[in-house]
Structure formats: structure tokens, C-alpha cells
Amino acid sequence: MPSGREHLASFALEVAASPLNWFGDYYAIAYPDAKLDNVALPDFAQGAMENLGCVTYRETLLLLDPETSTPLERIDVAETVAHELAHMWFGDLVTMRWWNGIWLNEAFATFMSYLCVDALHPEWRVWESFLRNRANAFEVDALESTRTIEYPVYSPHDASGMFDTLTYTKGGAVLRMLEQWLGPDRFRDGIRRYLTAHAYANTETHDLWDALEEETGEPVRRAMDAWIFQKGYPAITVRRDGDVLRFSQRRFVPSDPGDRTTWPVPLLVRQVTDDADRVDTLLIEADGGELPLAAPDALVVANAGGASFVRVFYDDDLRERLLARALDDLTAVERQCLVDDTWASVVAGDASVNVFLDLVEGFSQETELPVWQAIVTGLSWCDRFVEGDPRERFRDAIRDLVRPAFERLGWDAREGDSEFDRELRGELIRALGILGDDPEIQAQARESEGQSRSGEPVEPPVAAAAVDVVATVGGPDEYEEFMARALDADTPQEQERYRSALPRFRDPGLMARTLEATLGTIRPQDAAFVLAHSLASRDLGPQAWAFVTSRWETVIERIPASNAIALPAGARMLTRPLEVDEVQSFFAEHDIPQNHQMLLQFLERQRVFAALRARAEAELRVRFAG
Ligand SMILES: [Zn+2]
């Protein structure tokens with residue numbers, strides 16, 4: 001690590017020691033080397049790299065100050081370290097034969113890191129954060145341009161195309177589904193069998209399925225092949241037929257109406273009745289499945305715990321029961337899935353944006369972070385599609401919805417706050433201060449940000465949220481301070497907060513300075529992400545687009561090749577008709593060959609959200625007409 005930052009290393013040292021022992025126990029194989037160094041590098045294109053005995057990281061993912069970091073920043077470090085250490089066995093001790101198997105390497109390390117961190121720190125509730133991140137993989141995998149998780153690799157570009165959300169997140173989610181279906185102990189025993197049989201050797205994906213199948217006797221290879229070698233994922237529809245629940249499946253958003261893809265779908269079905277709360281394990285086949293209804297008025301949760309990689313839609317009767325009892329009887333994960341599935345049906349054009357807004361209106365008593373994150377995702381898109389007076393009334397509605405939840409928490413940390421409560425406080429400050437344009441929140445955010453900048457202790461998630469809110473309403477004076485911190489702050493996390501807030505300033509002159517800095521003072525490893533945030537700016541995105549396209553050669557030369565895909569990732573947020581035309585035709589001429597399929601996906605996502613805008617603008621204008 002760079003000298004002078006030694007005091008930031010103690011947290012990582014602490015979070016690295018326990019996983020090493022935990023993995024040794026889980027795998028039942030001791031760590032396969034004599035020493036292990038973790039090294040922070042000041043300019044590093046990747047997140048981290050699992051060299052045996054010497055793992056390298058970008059600074060934000062290894063160095064932090066426990067006093068000033070937020071719970072999620074700490075979890076990021078712990079999860080990254082655990083991911084790299086999981087690779088010491090799965091990836092280093094046993095290595096994939098060829099690049100087609102890289103998905104399993106990465107998906108498995110992703111899955112194992114959450115399993116490990118959850119075991120060591122159950123209070124962090126990391127599986128819930130994982131399921132929240134999964135929303136991104138769901139979005140990509142609903143596209144026509146999605147891909148199968150595994151595919152043949154012939155060229156270096158085929159290999160670099162593997163490093164995406166489908167590999168890490170869908171892959172990790174599919175393994176979580178498998179583990180929940182087989183049961184954690186049987187799954188672990190199968191992993192031990194696999195690692196022992198293939199130590200210091202190379203494997204194909206099937207070797208893992210075969211080991212799990214030998215261990216459990218379940219049809220693992222058949223079930224998993226469908227998820228690994230077919231694109232997309234199913235929507236499960238549940239309906240009540242007398243005293244039976246009937247399950248059917250179809251691909252979620254088939255681009256071709258004749259698409260008949262089906263999956264063997266492992267599903268945990270929960271039924272809550274007056275005197276019982278039971279969970280049944282099913283495998284839904286191509287022709288569907290069924291289960292006795294536990295009681296006429298049972299509450300049915302078809303993806304209990306949310307572990308299956310599916311969306312769920314209910315008939316009207318079952319859905320009404322769920323909505324009526326959501327806050328009392330559903331877990332936070334299950335409510336998050338309900339909100340996310342509803343938003344997905346709006347994006348897909350299956351439901352009006354009003355269905356989503358009606359649903360979330362019932363959530364002002366909601367207390368859980370992942371549910372609010374799902375709500376805010378949908379509301380942030382709506383905010384892009386509404387202008388003028390209706391936008392003012394939309395902001396009123398945001399304040400009405402979010403205020404009660406924020407007032408329960410207040411500005412200051414309370415005795416007994418969970419890590420999620422602490423993060424939620426920041427999330428709601430952003431929602432009110434930015435989406436709700438709430439002047440009281442903005443004034444208090446200025447105060448908190450000023451205190452934090454002058455070294456006074458401020459609750460870290462409040463300090464982090466205040467940076468975002470102040471940038472949104474700030475002018476040239478704040479900008480000078482923010483830029484100075486973006487280039488040099490006390491910790492990598494603070495530096496990142498200020499750097500990623502720069503594109504939030506609403507003055508075009510300040511945006512111009514931020515854009516220029518990506519070719520100057522901002523480090524190459526960070527430049528693509530600042531540009532992506534700038535492209536995603538609700539109002540100044542077109543200015544960033546003009547900059548990026550006019551300086552394309554210079555930008556591409558400066559940023560690491562593996563980060564170039566961040567540019568279309570940001571540009572996909574430009575959804576006004578002329579912007580869409582420009583972005584689509586520019587990238588038709590300017591390929592990103594190392595991530596070609598991801599480029600096609602971002603372009604399709606832009607078209608999907610442009611189509612959503614075309615439908616939602618009129619609906620929102622009417623809803624918020626006053
Ligand atoms: Zn990895």
C-alpha cells in the first residue's frame with residue numbers, strides 16, 4: 001500500500017484472517033500456501049486479483065477507516081476480501097480448464113464470499129444486499145441480447161466478455177438457488193468432494209455438477225444445465241384453483257412470442273395460516289407444478305426467501321392478500337421482490353406506471369433498507385419522465401411517502417440502530433433531498449457536510465448522503481471544495497464520495513470542468529466512472545455525451561480497456577428520442593470489442609427505457625396534473 005496509509009489497513013487485516021479459517025473449515029482443506037499478502041495499488045483497473053499468496057486490490061476495496069466509513073463501505077471491503085480468498089481454493093487450487101469455465105470461477109467466488117461474510121457477520125444481512133444487486137442481472141437477462149452464462153471461448157474478446165453481471169451476479173444467484181434447494185450441508189459436502197477429487201488439476205463445469213449429484217442423488221446436472229446453457233429466466237405465475245395452488249412458467253419478456261424456453265425451477269413455497277408458517281420445496285417442470293393450499297385464506301409466498309432466480313406473479317386474489325399483509329407477514333426480502341417484480345412488469349410494458357406508484361404508496365411505514373432501495377429505483381426513473389408542474393407534485397408525493405420513514409430514524413444515530421437502519425437513514429436523506437427537492441433536508445445536509453469536512457464527527461451514512469445532496473444544490477464555492485476532496489481526501493472512501501458527486505452539480509460550467517478533469521487530474525482508473533455518472537445526469541447528460549463523442553479517441557486512450565464499457569453504461573440513461581438516435585448510431589460505428597455483447601445490451605436497455613418513457617410520460621402527467 002502507499003506509505004502514510006498504514007492506519008487504514010487494520011480493518012482489512014481483521015476481515016481477512018477470519019475468512020481464511022472459515023474457508024479452510026468449509027472446504028475441509030487447509031489454505032494451500034504458506035503466506036498470504038493483500039496489497040493495495042493506487043491505480044488499478046480491476047477491483048481485485050486473486051494471485052495465489054499475493055492478492056492485489058484497488059485502494060477503496062482494501063483500505064478504510066472504520067470510524068468514518070459507512071456499513072456498506074465496510075461490507076464492500078469484507079466481501080471483496082472474502083471473494084479473493086475463496087479463489088485460493090476455487091480458482092487457484094482447482095482451476096478451470098479453459099476460459100469458458102471462468103463464469104463458474106467468478107460465480108462461485110461471489111456466492112462463497114456472501115456465504116462466508118454472512119456466517120461471520122449475520123448482523124450485516126449481506127444476502128439481502130446481494131439480492132438487491134441481483135436486480136441488475138434480472139434486467140440484463142430479460143433482454144433479447146442477453147447471453148447464456150457459459151459459452152465457447154475462442155478469442156481474447158470472448159474471454160473478456162465473460163466478466164459481467166451475468167457471470168458474477170446471475171451465476172452467483174443460480175448457485176444460491178441450488179444451495180437453498182439441496183440444503184446447505186449437502187451442498188457443502190458436494191463442494192468438498194469436488195475440491196478433493198480435483199486438487200492441483202483442471203476441471204470443466206460438469207465436474208462440479210457431477211460431484212454434487214454423486215453426493216446428493218438429485219438431478220443436479222439436468223437442472224443446472226438449463227440455467228447455464230439457456231438465456232433468460234422464467235416468470236412463475238401462481239393461481240388458486242379450489243384448494244390447489246397451480247404454478248406455471250414462461251420466459252420473462254420473450255422477445256419472440258413463439259419462445260417456449262422452460263427451466264426445471266427449484267422453488268421454496270411459503271404458506272402462512274392462522275396456526276402455521278410452512279415452507280415446501282418444489283421443482284417446477286416445463287408443464288408447471290401444483291401444491292395443496294394449506295388453508296382457504298392462506299398467505300402464499302411463491303419464492304420464499306427470494307433465492308430462486310425467477311419473477312413471481314400472482315392471480316388477483318393471492319396478490320390482494322399479499323398486499324394487505326405485506327408489512328406484517330412478508331420478510332424484507334420478500335417485500336423487496338414484490339416491489340422489484342412490480343417495477344419489472346412496468347418496464348416490460350405489462351403494467352402501467354400507476355400500478356407501481358399505487359403499490360409503493362402503501363409503503364410509507366416501511367422500515368427496511370432493501371425495500372426502500374427497490375422503491376427508490378423505480379421512483380428515480382419516474383423522476384426522469386416528468387417535467388414542469390407535474391414534477392413539483394411528484395416531488396410533493398415523494399416527500400409525503402418518505403418523510404414518515406425518515407422521521408422515525410432522525411438525523412442522529414440511535415442506540416440499537418442496525419447497520420441497515422444506519423444505511424437507510426442515508427438512503428432516505430438522498431430520496432428527500434434529491435428526488436423530493438426538500439429544502440429542510442438540503443439545509444441540514446449542508447450543515448452536516450460542512451461539519452464532516454471540517455473534521456467533526458458525523459454519522460458516516462449521513463455524511464455520505466449529505467455529499468450527494470449538497471452537490472445537487474451546490475454552486476461554484478462548494479464545487480472547489482468538492483474537487484479538492486475528490487483529488488485528495490483522508491480515506492479512499494471519502495475521496496470516492498466526493499469524486500462521484502462531481503457530476504451532480506447542475507451548473508453546465510461546472511459539468512464542463514468535471515468532464516475536463518477526467519482527461520487531467522482524475523486518475524485513469526476512475527475516469528470512466530466519472531464520465532458514466534456524467535452521462536447519466538438527468539439534465540446535463542447530453543452535455544457529457546457531446547464531450548465524450550467529440551473527445552472519443554483521447555478518452556479511450558486514457559482509460560483502462562476493461563473500463564470502456566462504463567461509457568455506454570452511462571449513455572443508456574439518455575432516453576429522450578433524439579438522444580437515443582445519437583447514442584445508437586454512434587456505437588454502431590464505435591464498437592467496444594472487448595465487451596461487444598455488453599455494448600449491445602446497454603443499447604437495448606436504452607431502447608427499453610426509451611419505450612418506457614414514451615408510455616410513462618403521459619401517465620405521469622395525468623397522475624400529477626393536480
Ligand atoms: Zn473473482
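Predicted model: local features only at pLDDT ≥ 70, side-chain atom pairs only at ≥ 80, totals over all residues.
Residues are numbered from 1 along each chain as its sequence is written, and side-chain values use heavy atoms, with hydrogens and water left out.

View 1. The zinc ion is coordinated by H83 (NE2), H87 (NE2) and E106 (OE), at 2.0 to 2.1 Å; donors are N, O and S atoms within 2.8 Å of the metal (3.2 Å for Na, K and Ca), and because water is not among the atoms, sites may look incomplete. Along the chain the donors follow the spacing H-x3-H-x18-E. H83 belongs to helix 2 (residues 71-89) and E106 to helix 3 (residues 102-120), so that this pair, 23 residues apart, links distant parts of the chain; helices (H or I, at least four residues) and strands (E, at least two) are DSSP runs, numbered from the N terminus. Both H83 and E106 are buried, a term that means under 20% relative accessible area, with exposed meaning over 50% and partly exposed lying in between (1.4 Å probe, protein chains only).

**View 2. The nonpolar cores.** The largest nonpolar core has 111 residues, and those with the most contacts inside it are F23, Y27, M112, W209 and F247; such a core is a set of buried Ala, Val, Leu, Ile, Met, Phe, Trp, Tyr and Cys residues joined through side-chain atoms within 4.5 Å. Helix 3 supplies the largest share of this core, 12 residues. Apart from this core lies another, of 68 residues, among them I398, A405, F420 and Y498. Leaving aside neighbours within four places in sequence, F247 is in contact (heavy atoms within 4.5 Å) with residues including I236, V238, L267, L282 and A302.

View 3. In the order 9-8-11, 3 strands form an open sheet with antiparallel pairing, where two strands pair if DSSP finds at least two bridges between them. Strand 9 (277-284) and strand 11 (299-301) are the edge strands, each pairing on one side only. Strand 8 (residues 265-272) and strand 9 are joined in the antiparallel sense over 8 bridges, and the bridge partner of P266 is L283 in strand 9. Helix 10 (residues 316-329) lies across strand 8 and strand 11, running at about 85 degrees to strand 11; axes are lines fitted to C-alpha atoms, for helices over the stretch in contact, and angles run from 0 to 180 degrees between N-to-C directions.

View 4. Helix 15 (residues 419-435) has 17 residues and reaches 24 Å from its first C-alpha to its last, close to the 24 Å expected at 1.5 Å a residue, the expected span being 1.5 Å times one less than the number of residues. Because 16 of its 17 residues are buried, helix 15 is largely enclosed by the rest of the structure. D437, in the loop between helix 15 and helix 16 (439-453), has its positive phi although it is not a glycine, and D437 is partly exposed, with a relative accessible area of 24%.
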